[in-house]
Amino acid sequence: MKSLDSRIIPLPTEIAEAARSAIKAGAADHALVMAQSPGSCPCRHCLRWAKPGERVILFPYAAIPSGHPYAETGPIFVHAEKCERYRATNEYPAEFRSGRVLRAYDSNYNLIDAQVVNGNEPETVIERLFQNADAAFVDVRSVTHGCFTFRVLRVGHASGLPFDRVAL
Ligand SMILES: [Zn+2]
């Protein structure tokens with residue numbers, strides 16, 4: 001697989017663990033869901049689809065934090081059981097090569113460009129989006145449901161920018 005000049009940022013383990021604690025505590029905005037079919041519940045932590053019969057937690061996640069015009073909180077899944085955080089951070093996750101829209105943001109969380117993968121190599125789309133010098137990160141989302149899947153951070157923008165605090 002083509003290696004990226006950018007870094008894949010899966011959901012932080014602390015957030016997955018917090019969701020697992022919250023469901024045990026009965027949090028009203030967390031739901032335990034049994035995956036019914038392949039390709040229906042993507043885990044944002046290991047960046048795999050839950051297998052039918054696996055349990056996942058559905059909960060709201062602020063991919064773009066409040067205090068910004070493009071602030072956005074939306075539902076995401078993580079495995080209910082412990083899973084390993086995606087580690088091949090220089091490789092685009094194999095299970096999400098289609099059905100995704102890639103949205104480029106600047107370092108102030110403003111949405112500046114977007115492109116549907118649509119049969120293209122996602123690496124090529126990411127490269128194209130990062131040709132814009134203002135693009136600090138690219139969020140990968142479901143093209144049908146709109147849900148946040150993972151973030152791609154431009155290499156070299158990894159320190160001192162506000163999004164590091166919430167996204168890494
Ligand atoms: Zn997982």
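**Ground rules.** I keep in mind that this is a predicted model, in which local features need pLDDT of at least 70 and side-chain atom pairs count only at pLDDT 80 or more, while totals for chains, interfaces and linings use all residues. I number residues from 1 along each chain as its sequence is written.

**Around Ala-135.** I located Ala-135 in the loop between helix 2 and strand 9; helices (H or I, at least four residues) and strands (E, at least two) are DSSP runs numbered from the N terminus. Leaving out residues up to four places away in sequence, I listed what Ala-135 touches, including Ala-104, Ile-112, Leu-129 and Arg-154, where contact requires C-beta atoms, placed from the backbone, within 7 Å. I also noted Ser-107, which is 28 residues from Ala-135 in sequence and 7.2 Å from it in space, C-alpha to C-alpha.

I traced an open sheet of 5 strands in the order 1-10-9-7-8, with antiparallel pairing, a pair being two strands between which DSSP finds at least two bridges. Strand 1 (6-9) and strand 8 (111-116) stand at the edges with a single partner strand each, so one side of each has no neighbour in the sheet. On average, and with direction ignored, neighbouring strands here are turned by 25° against each other, the axes being lines fitted to C-alpha atoms, for helices over the stretch in contact, with angles from 0 to 180 degrees between N-to-C directions. Strand 7 (residues 100-105) pairs with strand 8 in the antiparallel sense over 5 bridges, and I found Tyr-105 opposite Leu-111 in strand 8. Helix 2 (residues 122-130) packs on the sheet, where it touches strands including strand 9 (137-142) and strand 10 (148-154), and its direction makes about 20° with that of strand 7.

**Two domains.** I read the chain as divided into domain 1 (10-79) and domain 2 (89-154), with bounds that come from an automatic or database domain assignment. Their C-alpha centres lie 19 Å apart, and the contact takes 15 residues from domain 1 and 13 residues from domain 2. On the side of domain 1 that touches domain 2, strand 4 (48-49), strand 5 (55-64) and strand 6 (72-79) each supply at least two residues.

**The core.** Which residues have the most contacts inside the largest nonpolar core? I found Val-56, Phe-77, Val-78, Leu-129 and Val-138 in a core of 39 residues, that is, a set of buried Ala, Val, Leu, Ile, Met, Phe, Trp, Tyr and Cys residues joined through C-beta atoms within 7 Å. Both domain 1 and domain 2 give residues to this core, so it lies between them. For Val-78, leaving aside neighbours within four places in sequence, I noted contacts that include Leu-11, Cys-43, His-45 and Val-56.

Most residues other than glycine have a negative phi. I therefore marked Leu-47, whose phi is near 55° and which counts as buried because it has 24 C-beta neighbours inside 10 Å. Tyr-109, in the loop between strand 7 and strand 8, has a positive phi of about 70°.

Note on methods: Two residues are in contact if their C-beta atoms, placed from the backbone, lie within 7 Å. A residue is buried if 20 or more other C-beta atoms lie within 10 Å of its own, exposed if 12 or fewer, and partly exposed in between; C-beta atoms are placed from the backbone.
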